[in-house]
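Subject: Structure handover

Hi,

Here is the structure I promised to pass on.

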Amino acid sequence: MPALREERDCSFMIIGLTGGIASGKSTVANWLKEQQYTVIDADISARTVVEPGKPAFNQIIKTFGQDILSAEGGLDRAKLGAVIFNDEDKRKQLNEIVHPAVRADMLAQKEQLLNAGKQTIIMDIPLLFESKLQWMVDKIIVVFVEAETQKERLMKRNQYTEEEAQARISSQLSLAEKAKQGDAVINNGGTIEESIEQLIKLLKEWKAKP
Ligand SMILES: CC(C)(COP(=O)(O)OP(=O)(O)OC[C@H]1O[C@@H](n2cnc3c(N)ncnc32)[C@H](O)[C@@H]1O)[C@@H](O)C(=O)NCCC(=O)NCCS
Ligand SMILES: Nc1ncnc2c1ncn2[C@@H]1O[C@H](COP(=O)(O)OP(=O)(O)OP(=O)(O)O)[C@@H](O)[C@H]1O
C-alpha cells in the first residue's frame with residue numbers, strides 16, 4: 001500500500017480538531033461522527049496506550065509509583081490527574097512517556113483509514129498546538145469558548161471545584177492563543193446548533209466530504 005502522500009490519490013484531507021479542555025471538541029466530533037465523518041480521538045489513544053501491561057503503563061508505575069494504581073490494578077486516573085495538573089515537572093514526565101505512544105497509535109490509525117480509501121479524516125487532538133503537531137494535519141479547526149464559559153462548563157461536567165478546573169485550564173495554551181493559530185474557529189459560546197451551523201459552512205467551503 002502506498003505510504004507517501006505523493007504516491008496516493010491526493011484528494012484526501014486531514015483535519016485537526018482542537019481547542020481546550022471542555023471547549024466542546026467532543027460535542028463537535030460526535031456530530032461529525034453522526035454525519036459519517038471518520039474521527040480519530042487522541043484521548044482514546046491516550047487511554048489505550050496506558051492499559052495494564054503496555055510499555056507506557058509500566059513506565060508510569062516506575063516513574064509515579066504504585067500509589068497511582070486503582071484497586072483493580074489499572075491507573076487511577078483521578079489520582080494521576082491530581083498529581084500532574086498541579087505539578088509542571090510531573091506533567092512533563094507523564095507527557096514524555098505517553099505522547100510518543102499516542103502519536104504512533106494515531107498515525108497507525110490514520111494510515112489504515114487512508115489505505116481504506118477515506119477522503120476526510122478528522123484528528124481530535126486537544127494538545128495539538130502544545131505538542132507542535134501541526135505537521136500531522138492539513139487544516140486546523142479550533143473549538144473556542146470564552147475562558148469563563150470554559151471554566152463553568154468544566155466544573156459542571158466533571159464536578160470539579162473552581163481550583164481543580166483552573167489547574168487543568170492553566171496547564172494548556174489559552175484558547176485565545178489557539179484561536180489565533182487555527183485555520184478556522186468555531187465559536188461554541190452559543191448553542192450547539194449555532195456551532196454546528198458554523199461547522200457545516202466550513203466543511204462546505206473546504207469541500208470536506210465524509
Ligand atoms: C492525567 C490523566 C490520567 C487524567 O485522566 P482523566 O480521565 O481525568 O482525563 P482525560 O484523559 O479524559 O483528559 C481530559 C482532558 O484533559 C486535558 N489533558 C489531559 N492530559 C493533559 C496534559 N498532559 N496536559 C494538558 N492537558 C491535558 C485534555 O484537554 C483532555 O481532553 C490523563 O489525562 C492522561 O493520561 N494525560 C496524559 C496524556 C495526555 O496528554 N492526554 C491528552 C491528549 S493526548
Ligand atoms: N454549545 C454548548 N452549550 C452548552 N453546553 C455545551 C456546549 N457545547 C458543549 N457543551 C457542554 O460542555 C461540556 C464540555 O464539552 P465537551 O465534552 O464536548 O468538551 P471537550 O472539548 O471535548 O472536552 P475534553 O477536552 O475535556 O474532552 C460538556 O458537558 C458539553 O455537554
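Before the strands, one convention: two strands count as paired if DSSP finds at least two bridges between them. By that rule β1 and β4 pair, in the parallel sense, over 5 bridges. Inside that pairing, Gly16 has Ile140 of β4 as its bridge partner. Keep in mind throughout that this is a predicted model.

**The sheet**

Zooming out, the sheet is open and has 5 strands in the order β2-β3-β1-β4-β5, with parallel pairing. Its edge strands are β2 (38–41) and β5 (184–187), each of which pairs on one side only. From one strand to the next, the twist averages 25°.

On to the other pairings. Strand β1 (residues 13–19) is joined to strand β3 (residues 120–124) by 5 bridges, and the two run parallel.

How many of the 6 residues of β4 are buried? The count is 5, so β4 is largely enclosed by the rest of the structure.

**Helices on the sheet**

Helix α1 (residues 25–34) lies across β1, β2, β3, β4 (139–144) and β5, and runs at about 150° to β1. Helix α5 (residues 88–115) also packs on the sheet, where it touches β1, β2 and β3. The direction of α5 makes about 165° with that of β2.

**Helix against helix**

I looked at two helix pairs. In one, helix α3 (residues 55–64) and α5 have axes that come within 10 Å and cross at roughly 175°. Angles over 145 degrees count as roughly antiparallel, and that makes α3 roughly antiparallel to α5. On the α3 side the residues are Ala56, Gln59, Ile60 and Thr63, and they meet Gln93, Leu94, Ile97, Val98 and Ala101 in α5. By class, this contact of α3 with α5 has 6 nonpolar and 3 polar residues, with no charged ones.

In the other pair, helix α6 (residues 147–158) packs with helix α7 (residues 162–170) at an angle of about 120°, their axes being 9 Å apart. α6 and α7 are therefore oblique to each other, and their crossing is right-handed. From α6 the contact takes Gln150, Lys151, Leu154 and Met155, while α7 supplies Glu162, Ala165, Gln166, Arg168 and Ile169. The contact of α6 with α7 divides into 4 nonpolar, 2 polar and 3 charged residues.

Ala22 is not a glycine, yet has a positive phi of about 60°. You will find Ala22 in the loop between β1 and α1. Is Ala22 buried or exposed? With 25 other C-beta atoms within 10 Å, Ala22 is buried; the cut-off for that is 20 or more.

Lys207 is the other residue on my list: its phi is positive, near 50°, and it is not a glycine either. Lys207 sits in the segment after α9 (192–205). Having 10 other C-beta atoms within 10 Å, Lys207 is exposed, given that 12 or fewer counts as exposed.

Over to you!

Conventions. Residues are numbered from 1 along each chain as its sequence is written. Chains are lettered from A and ligands numbered from 1 in the order in which they are written. This is a predicted model: local features need pLDDT of at least 70, side-chain atom pairs count only at pLDDT 80 or more; totals for chains, interfaces and linings use all residues. Helices (H or I, at least four residues) and strands (E, at least two) are DSSP runs, numbered from the N terminus. Axes are lines fitted to C-alpha atoms, for helices over the stretch in contact, and angles run from 0 to 180 degrees between N-to-C directions. Two residues are in contact if their C-beta atoms, placed from the backbone, lie within 7 Å. Angles under 35 degrees count as roughly parallel, over 145 as roughly antiparallel, 65 to 115 as roughly perpendicular and the rest as oblique. A crossing is left-handed if the near helix is turned anticlockwise from the far one by less than a right angle, and right-handed if clockwise. Ala, Val, Leu, Ile, Met, Phe, Trp, Tyr, Cys and Pro count as nonpolar, Asp, Glu, Lys and Arg as charged, and the others, Gly among them, as polar.
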